Amino acid sequence: MTESLRDKIVAYILNDSIPADAVKGVWSGFTYPGDVLAGHARPDDMGRVVDTAGLMLGGVASGGSLAKSTENVASRNPRLYDPPVKSPRPFEADYPAGALSDDAGKLVSDIDGRQLSARYVVGRGEVSGPDVGLPREALDEIAKARTGEAIRYVAPGSPELGRDVGRAKFGSSGEPDHVALSRSLEEPQRSRVAQHEIGHVIDQTAGEIPHGGLNAQLRSVYNDINNPQSFGKPFGPEQNGYRGAEVPRELMTEAIRAYMADPNYIKTVAPETAARIRQYVNDNPKLRDIIQFNSVGPAAAGAGVAAGLYDWSPPATEDDRFGALYRAGRAT
């Protein structure tokens, strides 16, 4: 692969011009010969090369753009749960060095030093104030800010939903088109499904928040707010029918939902995940005016939160190597 071509592929990833799956297909094809020699792929697995050729002929190699295909991101589970209640941490534990505020007592920066100026701040918003979840009306406001309209409520089984209870629709450019929920949903499930779909909008707008290094936390959160039993086998996206590339997106979306519902919960059980969400959302020009997140993990883990963002294990598989490329580009 030439340097200019590699740079171009990374640029597409960073600008979110195409979905991660499409870029992964290109990367898979380029690494195919080396994987055969190393014994990581079968010599007859030519599908990877064919996929790459198809993408390149229509995109990078021809000088064109690789556009994100129109897609629905659906909620298939009508039985979502609120995060378990955790003991609230004192304000001083989150801001051990003190906090800057305006004349009204509102915090002017998050724990990482990023400016807080959004209409809705999830978590700490005032000096000595508690963590605050996202109010229900904010979900419609976020939908309006990103799609131009509030959440739609449509008939169950309609073409917009099929068998799902909620869907976020994205256009060919990757921009969200609309969010639709089933009219059959009643509270509190209606709000939970709305949070889930808005979580997809936030995740996609942020460029698909990387999940590397967070699998254990993400799966713990998912289990807490999706498992119909409080005991027994762990419950993941696979148990809700998601497969392949859908899995990490569902894990991250449910972490965003947990953050919106109860920021004290996620900072307690998944502080690195909370930090990753803040990193990709709070400075995003398409999100920072409408929503930002603010909370932090235990003080003793503070250094680990910062280091964990870039402390990746040596890649061992094709997916790991692709993820390392993706994350390395994001970190620059």
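How many of the residues of helix H10 (residues 271–281) are buried? Helix H10 is mostly covered, with 10 of its 11 residues buried, where buried means under 20% relative accessible area (1.4 Å probe, protein chains only). The buried residues of H10 are Pro-271, Glu-272, Thr-273, Ala-274, Ala-275, Arg-276, Ile-277, Arg-278, Tyr-280 and Val-281. Helices here are DSSP runs (H or I, at least four residues), as are strands (E, at least two), numbered from the N terminus.

The model is predicted: local features need pLDDT of at least 70, side-chain atom pairs count only at pLDDT 80 or more, and totals for chains, interfaces and linings use all residues. Residues are numbered from 1 along each chain as its sequence is written, and side-chain values use heavy atoms, with hydrogens and water left out.

Two helix pairs come next. Two packed helices are described by the angle between their axes and the distance between the axes. Axes are lines fitted to C-alpha atoms, for helices over the stretch in contact, and angles run from 0 to 180 degrees between N-to-C directions. Helix H7 (residues 215–226) packs against H8 at an angle of about 65 degrees, with the axes 9 Å apart. H7 and H8 are therefore roughly perpendicular, a term for angles of 65 to 115 degrees. Their crossing is left-handed, meaning that the near helix is turned anticlockwise from the far one by less than a right angle. Contact means heavy atoms within 4.5 Å; among the residues that meet are Leu-218, Val-221 and Tyr-222 in H7 and Leu-251, Ala-255 and Ala-258 in H8. The residues of this contact comprise nine nonpolar, two polar and four charged. Ala, Val, Leu, Ile, Met, Phe, Trp, Tyr, Cys and Pro count as nonpolar, Asp, Glu, Lys and Arg as charged, and the others, Gly among them, as polar.

For helix H5 (residues 136–147) and helix H6 (residues 189–205), the axes come within 10 Å and cross at roughly 35 degrees. This crossing, too, is left-handed. Residues in the contact include Leu-139 and Ile-142 of H5, and Ala-194 and Ile-198 of H6.

The ring centres of Tyr-259 and Phe-293 are 4.6 Å apart and their planes stand at 50 degrees, so the pair is tilted; planes under 30 degrees apart count as stacked, over 60 as edge-to-face and the rest as tilted. Tyr-259 is buried, at 0% relative accessibility, and Phe-293 is buried with a relative accessible area of 0%.

Key
Rings of Phe, Tyr and Trp (its six-membered ring) pair if their centres lie within 6.5 Å; planes under 30 degrees apart count as stacked, over 60 as edge-to-face and the rest as tilted. Buried means under 20% relative accessible area, exposed over 50%, partly exposed in between (1.4 Å probe, protein chains only). Angles under 35 degrees count as roughly parallel, over 145 as roughly antiparallel, 65 to 115 as roughly perpendicular and the rest as oblique.
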